[in-house]
Amino acid sequence: MNRPQSAQTRNENALRNKAMRQLSATSDSIERIRLLCLARGSGGILGLGRVFKRMDDDGSKRLTYDEFQKGIEETGIRDMPEEELRQLFGRFDNDDSGSVDYEEFLRSIRPPMSALRERVVLEAYKKLDRSGDGTVTIEDLRNVYNVKHHPQYLNGEQTEDQLLRKFLTNFEIDGVADGTVTSEEFLHYYSGVSASVDSDAYFDLMMRNCWKL
């Protein structure tokens, strides 16, 4: 017997399939890295950002080419030849310093969102981060994120806490949830979710239902 899928799971599968189909039709290096991230799911770009953040030992938000290459490989993206990676790196190393601003890079590969979508995402983030300090806990989530329509909650397979923790794993580093979710990371994640939803109205409704807006 097939278990019912949540709308999120269906959207994730559609996103992965769509990204894989589009990959064969583009040669632009920025579009290719975007699609390779999306082929890993809505959290693909966020995951790459988390790897880059871990590698940024001095907090400068800049990476050398070797760090950049290693970060992409650690994320599981191994379908870009080194020549293409170097070309991609060079497009962001505007001052020929040998390093790139990885936040600028991530913003550039993030799937574009309409003003309406970005506004509702930031509205959800503001409600989540009530103290404004970028620190998020299970209790913060419990008060604002609604999982009670999730099929695994409805059939008793997972508890509310389990589903809340599952959501927080999107923001883990090396399997450890550090409790910190920045607005940029939130946008990285939901830009992936947004790429799987065609309608602005449906995306807005989904966000408002999930986040009790």
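Residues are numbered from 1 along each chain as its sequence is written, and side-chain values use heavy atoms, with hydrogens and water left out. Because the model is predicted, local features need pLDDT of at least 70 and side-chain atom pairs count only at pLDDT 80 or more, while totals for chains, interfaces and linings use all residues.

## The nonpolar cores

Let's start on the inside. A nonpolar core here is a set of buried Ala, Val, Leu, Ile, Met, Phe, Trp, Tyr and Cys residues joined through side-chain atoms within 4.5 Å. Buried means under 20% relative accessible area, exposed means over 50%, and partly exposed is in between (1.4 Å probe, protein chains only). The largest nonpolar core has 30 residues, and Phe52, Phe68, Leu88, Phe105 and Ile109 touch the most other members. Two or more residues come from each of α1, α2, α3 (44-55), α4 (65-74), α5 (82-92) and α6 (102-109). Among these elements, α2 gives the largest share, six residues. Helices (H or I, at least four residues) and strands (E, at least two) are DSSP runs, numbered from the N terminus.

Which residues does leucine 88 touch, apart from its neighbours within four places in sequence? Leucine 88 is in contact (heavy atoms within 4.5 Å) with Ser29, Ile30, Ile33, Phe68, Met80 and Phe105. A second, separate core has 29 residues, including Val121, Ala124, Leu141 and Val144.

## Aromatic rings

There are 12 aromatic pairs in the structure. Rings of Phe, Tyr and Trp (its six-membered ring) pair if their centres lie within 6.5 Å; planes under 30 degrees apart count as stacked, over 60 as edge-to-face and the rest as tilted. Phenylalanine 52 counts as buried, at 0% relative accessibility, and phenylalanine 105 counts as buried at 1%. Both belong to one aromatic cluster, formed by Phe52, Tyr65, Phe68, Phe89, Phe92, Tyr102 and Phe105.

## The second largest pocket

Next comes an open space. Rolling a probe the size of a water molecule over the atoms shows where empty space is left. On a 1 Å grid over the protein atoms alone, a pocket is an open set of points where a 1.4 Å probe fits, with protein on both sides within 12 Å along at least five of seven lines; lining residues have an atom within 4 Å of a point.

The second largest pocket has a volume of about 210 Å³, a volume being the space filled by probe spheres set on the grid points, which are joined across faces, edges and corners. Its lining has 14 residues, and Lys18, Leu38, Pro111, Pro112 and Ala195 lie nearest the centre. At least two lining residues come from each of α1 (7-23), α2 (29-38) and α11 (183-195). By class, the lining of the second largest pocket has seven nonpolar, three polar and four charged residues. Ala, Val, Leu, Ile, Met, Phe, Trp, Tyr, Cys and Pro count as nonpolar, Asp, Glu, Lys and Arg as charged, and the others, Gly among them, as polar.

Proline 111 is found in the loop between α6 and α7 (115-128). Leaving aside neighbours within four places in sequence, proline 111 is in contact with Arg34, Leu38, Ile45, Ser191 and Ala195. Proline 111 and glutamate 31 are 80 residues apart in sequence and 9.2 Å apart in space, C-alpha to C-alpha.

## Some single residues

The table gives relative accessible areas for a few residues.

| Residue | Relative accessible area | Class |
|---|---|---|
| Proline 111 | 8% | buried |
| Glutamate 160 | 19% | buried |
| Aspartate 101 | 23% | partly exposed |
| Lysine 212 | 38% | partly exposed |
| Aspartate 96 | 69% | exposed |

Most residues other than glycine have a negative phi. Aspartate 96 has a positive phi, near 55°, and lies in the loop between α5 and β2 (99-101). Lysine 212 also has a positive phi, about 55°, and lies in the segment after α12 (200-211).

Aspartate 101 lies in strand β2 and touches Lys61 and Arg62, not counting residues up to four places away in sequence. Glutamate 160 is found in helix α10 (residues 160-168). Leaving aside neighbours within four places in sequence, glutamate 160 is in contact with Arg142, Val147, Lys148 and Tyr153.
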